[in-house]
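We will go from stop to stop, selecting residues as we go.

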Amino acid sequence: MIRNMSIKNKLLLVFIILTTMVLATAFIIMISINIKNSKDNIASVMDVVGSIIADRCAASLAFSDVESANGNLRTLSSYNSVVYACIRTRDNQVFSEYNLNVDQVFRCEGFSADENNRFRNQYFDSFKPIMLEGEAIGSLQIKVSLDAYNEEVVGAINVSVIVFAVLMLISIYIMIRITNLITNPIASLKDLANEVTEKEDYSLRMKEKADDEVGVLITTFNNMLEQIEIRDRDLLKEKENAERAALSSKRYAKETELINADLESEITERVRIEEELHQLNETLEEKVYERTRELKEMNEKIGDISRSAGMAEVANGVLHNVGNVLNSVNVSASMLRELARKTKAHNLSRVVKMLKENKSNIGEYISSDSKGKQIPDFLSLLDGQLDEERRTMFKELDELSNSIDHIKNVVSMQQSYAGSYGVREQIHLPDLVEDAIKINMEGMARRGIRLIKKYEDVPLVYLDKHKVLQIIINIISNAKHALTDSDNAEKILQLFVVQRNKELVVEVKDTGIGISEEDLAHLFEYGFKKRRGGHGYGLHHSGIVANELGGKITVESEGLGKGAIFRLILPVTNE
């Protein structure tokens, strides 16, 4: 069945099969990665929450304070997905329990040092030992419902199916257009060959449409038809002469036989040419096969690009930071493209044309002719315009180069911090603030934000610089968005680094949209957000990280439209 299909349908079938395999593989890999990342995220969040709850419950378990332990477990009510939690003593007895829904009964399972996390059925269990002075005095179990996670997975699969269908439709449309470009000339050549064979009209010709292999084949085919037409006319002429000679006299019989022999030779040549034409028609299939192979290689390259695009998701963090810089790159590129489109250089060709037309009397033409007299002034004006275009283009190129350098600096800076996560090292806090400013600097001047910095001479401290930088970047980014959305005439961002007793304070003050008194109480809650495009996790996560560092984050605001002050307070430690 496939063997008898047209070349166009064969190409479409091959492309659809390959595209379906590539897209399906890409989407399956992407969904698998998303599922794994979602599970890792749940495990990571519950690991942090479990560590905090376990630390809080150490004293309650040590002093057998059940009420305090129950209170600590009830703090998990802020996490809607947590349905059950319990604490076991060292001798594996249930000490305290928390149950979101009393109608559901869960069993408090024993802690295993070899298995901290378990994904089972519709729940995820996180186990944490409760430590006191380096010794495990009990264990904490937190059970999380995976209903919301499963809904997200189903939603992601549905979206992927829709995107897959749309991409397939677009791919099929593009392939139909491409196959038409390839097969239409071949089909036209086939129709012409059939018409020549049926009508024996060798005066027919096919128009050349391209310079590729099919175009060469059409040229060769036309040349063969031309040769056959010439020989056919010669054959007809010789035949007419032979007939006239036969009728005029029998004595020309021998000559007629010779002419007939020549005719037979010509006919043999004609048959040979027709056989060559037939062979050329057979080679068309080989040419189409070769083009099909090239298209297959092209589709394989497209598959490699799709897989590379899936791997590029790993760089999403870096792309988020350089996104604003790329906007500047796009603006500069658009400006250069617009300058190139509107350039006055094409006017120079008009002057050159006029001078060429009057090159024999160019002096008289410039001095006497009404149009020639305008050429010097026109060239002077054109010189000024071209010089202005050149300066503008160099200026935009400088802006483009600066933006690209800034992107490389941001990527290099993030790479330098990426390898130090979780390691305490000696840092100079103002240097970290400067790095955070560089990452958020792009777009401040364009939005009219004025930056004021003041750093005191503070001592070096031992901290996890990656975590500290993460908090400062988040606070500055929130301040920048608050200033961008503000209607205040003066948009000022102030940063201070000071020492207060045994604490270092990074203060970020802005004149942005401010925070209402009602929102201040919920600012650090998970999922709370006011800005469109926010994810409601930044300040919540920053507060948790600050607590891990032994510090905290405070916020002040006099109300909407009156700006806000964020302070990151860190302990001065030399250990």
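**Stop 1: strands 3 and 4.** Select strand 3, residues 117-120, and strand 4, residues 123-132. Four bridges join these antiparallel strands. Helices (H or I, at least four residues) and strands (E, at least two) are DSSP runs, numbered from the N terminus. Two strands pair if DSSP finds at least two bridges between them. Now click Asn117: opposite stands Ser126 in strand 4.

A word on the ground rules. This is a predicted model, with residues numbered from 1 along each chain as its sequence is written. Local features need pLDDT of at least 70, side-chain atom pairs count only at pLDDT 80 or more, totals for chains, interfaces and linings use all residues, and side-chain values use heavy atoms, without hydrogens and water.

Stop 2: In what order do the five strands lie? The order is 2-1-5-4-3, in an open sheet with antiparallel pairing. Strand 2 (94-99) and strand 3 are the edge strands, and each pairs on one side only. On average, neighbouring strands here are turned by 15° against each other, direction ignored. Axes are lines fitted to C-alpha atoms, for helices over the stretch in contact, and angles run from 0 to 180 degrees between N-to-C directions.

Contact means heavy atoms within 4.5 Å.

**Stop 3: helix 3.** Select residues 147-199. The expected span of a helix is 1.5 Å times one less than its number of residues. Where is the kink in helix 3? Look at Thr183, shortly before the proline Pro185: the kink there is about 35°. The bend at a residue is the angle between axes fitted to the seven residues ending there and the seven starting there. Just after helix 3, Glu200 has a positive phi of about 55°.

**Stop 4: Ile218.** Go to helix 4, residues 213-248, and find Ile218. Is Ile218 buried or exposed? Ile218 counts as buried, because its relative accessibility is 1%. Buried means under 20% relative accessible area, exposed over 50%, partly exposed in between (1.4 Å probe, protein chains only). Ile218 and Pro185 are 33 residues apart in sequence, and their C-alpha atoms are 8.6 Å apart in space.

Stop 5: Select strand 7 (449-455) and strand 11 (552-556), which stand at the edges. The order of this open five-strand sheet is 7-9-10-12-11, with mixed pairing. Strand 7 pairs with strand 9 (residues 491-500) in the parallel sense, over seven bridges. Lys454 stands opposite Phe496 in strand 9. Helix 10 (residues 429-440) lies across strands 7, 9, 10 and 12, running at about 170° to strand 7.

**Stop 6: confidence.** Colour by pLDDT, the predictor's confidence in each residue, from 0 to 100. The protein's mean is 78. Strand 10 (residues 503-510) is highest, at a mean of 94, and helix 6 (residues 316-341) is lowest, at 62. Over residues 302-318, pLDDT stays under 50. Where pLDDT is low, the predicted coordinates should not be read in detail.
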